[in-house]
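Visitor: I would like to go through this structure and ask what lies behind each label. Please show it first.

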Amino acid sequence: MGSLGLKSITTSGQKNSTVVVIEQEQEPASPATRLFHTKNLNCHIIAILGCTTKINPDVIKKGLESTLLNHPRFSSIPVVDEKKGVRKWKKTKVNVEEHIVCPDLDPDMDSPDEFLENYTSNQTTIPLDMTKPLWEVHILNIKTSEANAIGILKLHHSIGDGMSIVSLILACTRKASDPEALPTLPSSTKKEKNDVGLLRRFCYYVWFLCMVFWYTIGDVVLFLATILFLKDTQTPMKGGVGVEHSPKRLVHTIVSLDDMKIVKNALNLTINDVVMGMAQAGFSRYLNRRYGNKNGKGSSKTNNLPKNIRLRGSIVFNIRPSTGIKALAEMMEKNSKARWGNKIGYVLTRLPISLPDNPLDYIRQAKTIIDRKKLSLESRFSFSAAKLTQDIFGSMVAAKVIRRVLSSTTVLISNVVGPQEEITFYGHKLAYVAPTTFGLPYAVTIHFQSYCNKMTISMAVDPQVIPDPYQLCDDLQDSLQMFKEAVTKQDMV
């Protein structure tokens, strides 16, 4: 494996070195870093990498030394300046062996899938060691129903957001078809501009600015109301006080990305529209079943839903000027529009809970809501408001305000685009990638991650609130099949 291609970054990893702080190399922590190190927002990321072959720990170690350790966030520790009280990143020398966990496991164990679920769940209760860089790689050479070995990347969210981490993982991989080539990075396509008259273009821009202003004002008012008093309905999916500290179960299911594209193309949508439609339909089906069991009605076909359920999702938006997954070297450049870090804003999105006769109504509702959100500056407002609050009142107050907003909603949803072809992680071919987060005040967080022709839906759930997470996975998966069947019948008419 070659280097990451970063500019002006030297390797700090050595084979038998210990963690030693280099006093001269310091960098002020970003506002997001300071927030993620508060008690109220102590968030972590876990990415499960399913491999098609057994993992060689020595190969992984060598690969990490030549790539990952070149990145400053993976070779630094967060410390607080005792004189100024300011949190900073301090450069360290890293012993990579202290970051690789490779337990001795029975390859022929009876329930490897159950073991993996228990192992990852246990990781949500074990904090990272703050005296060394905040990341670990776990290697489990066990054969599950979906892979022949499992790699687990665990890191603190202060290191970077989903886009940053995916870009980093891609920099550590190569195409399975060409061991020397980096994966193809998905790029956003821009619609061609029509050659219209000056007057029509002027009218369009005036209308556009009016819509942006109107929608932003409405969303900001609801955002502020959420801080003050507006909360979601207490449904069987909503966590209570202290849910962020409870152990989580990490589960996932894999659906066909080609099926999602069939629905997308038939209705002239985006994949994100289909994702939100699946979430809306899946939650409705799941809650209807839970309410039915609670009321003794039983049947999932009967409408057991209470009226006027308010259920909202906190949707993670990338607020970088440049959208899409970027090459890591580009993200590390100082003046890059796709700068590394936590450049995310939260958008509070209504998820109507209902059982319409036409399943495609879920997607149409989702598209209307998402299109409206695209015209709003709510994500930038939430990011800027958090930074301003932090500058004026400090990180603790800002973290409490953000936590109040998040805990007033029901679910966190993110959708990250992955590589378009099969890739290898230091020579180990990947079968799937399932990232998720824990440490935020949610009983359910859901992450959609595409890879080749697959879409992995991974969840971190509080088992006290969601005792049957695989049923929720099935409801999401069944929703996609329901959409596919509906558009197929529609085309036949």
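Visitor: What makes strands E14 and E15 a pair?

Guide: The model is a predicted one. Two strands count as paired if there are at least two bridges between them. Strand E14 (residues 423-425) and E15 are joined by two bridges, and they run antiparallel, so the pair meets the cut-off. Thr 424 of this pair stands opposite Lys 429 in E15.

Visitor: What do E14 and E15 form, and what is found in the turn?

Guide: E14 and E15 form a hairpin with two residues between them. In the turn, Tyr 426 has a positive phi of about 50 degrees.

Visitor: Why is the phi of Tyr 426 worth a remark?

Guide: Most residues other than glycine have a negative phi. Tyr 426 is a residue other than glycine, yet its phi is near 50 degrees, a positive value. Cys 452 is another such case: its phi is positive, about 55 degrees, although Cys 452 is not a glycine. Cys 452 has its place in the loop between strand E16 (444-451) and strand E17 (454-461).

Visitor: How do you know whether Tyr 426 and Cys 452 are buried or exposed?

Guide: Buried means under 20% relative accessible area. Tyr 426 is at 4%, so Tyr 426 counts as buried. Cys 452 is at 17% and therefore also counts as buried.

Visitor: What makes strand E15 mostly covered?

Guide: In strand E15 (residues 428-438), 10 of the 11 residues are buried. E15 also pairs with strand E3 (residues 44-51) in the antiparallel sense, over eight bridges. Within that pairing, Ile 48 has Ala 434 as its bridge partner in E15, and Ile 45 has Thr 437.

Visitor: Which other strand pairs with E3?

Guide: E3 and E8 pair over eight bridges, in the antiparallel sense. Here the bridge partner of Ile 45 in E8 is Leu 155. Strand E7 (residues 135-140) is joined to E8 by six bridges, again antiparallel, and His 138 stands opposite Ile 152 in E8.

Visitor: How do you know that both faces of E8 are covered?

Guide: Ala 149, Gly 151, Leu 153 and Leu 155 lie on one side of E8, with Ile 150, Ile 152, Lys 154 and His 156 on the other, and all are buried. The count for strand E8 (residues 149-156) is thus eight buried residues of eight.

Visitor: What is the order of the strands in the open sheet, and why are E6 and E9 called its edges?

Guide: The sheet has seven strands in the order E6-E7-E8-E3-E15-E14-E9, with mixed pairing. E6 and strand E9 (173-175) each have a single partner strand, so one side of each is left without a neighbour in the sheet.

Visitor: Why is helix H4 described as largely enclosed?

Guide: Nine of the 10 residues of helix H4 (residues 162-171) are buried, so the rest of the structure largely encloses H4. Among the buried ones are Met 163, Ile 165 and Leu 168.

Visitor: What makes the contact between Glu 97 and Lys 61 a salt bridge?

Guide: The cut-off is a side-chain nitrogen of Lys or Arg within 4 Å of a carboxyl oxygen of Asp or Glu. The closest N and O atoms of Glu 97 and Lys 61 are 2.6 Å apart, and the two form a salt bridge. This pair links distant parts of the chain, 36 residues apart: Glu 97 is in the loop between strand E5 (87-95) and E6, and Lys 61 is in helix H2 (residues 57-66). Glu 97, at 44%, is partly exposed, whereas Lys 61, at 12%, is buried.

Visitor: How many salt bridges does the structure hold?

Guide: There are 14. One of them joins the side chains of Arg 289 and Asp 475, at 2.8 Å from N to O. Arg 289 lies in helix H7 (residues 271-295) and Asp 475 in helix H12 (residues 469-492), so this pair ties together parts 186 residues apart in sequence. Both Arg 289 and Asp 475 are buried.

Visitor: Why is Leu 388 called exposed?

Guide: Exposed means over 50% relative accessible area. Leu 388 has 52%, so Leu 388 is exposed.

Definitions and conventions: Residues are numbered from 1 along each chain as its sequence is written. This is a predicted model: local features need pLDDT of at least 70, side-chain atom pairs count only at pLDDT 80 or more; totals for chains, interfaces and linings use all residues. Side-chain values use heavy atoms; hydrogens and water are left out. Buried means under 20% relative accessible area, exposed over 50%, partly exposed in between (1.4 Å probe, protein chains only). Helices (H or I, at least four residues) and strands (E, at least two) are DSSP runs, numbered from the N terminus.
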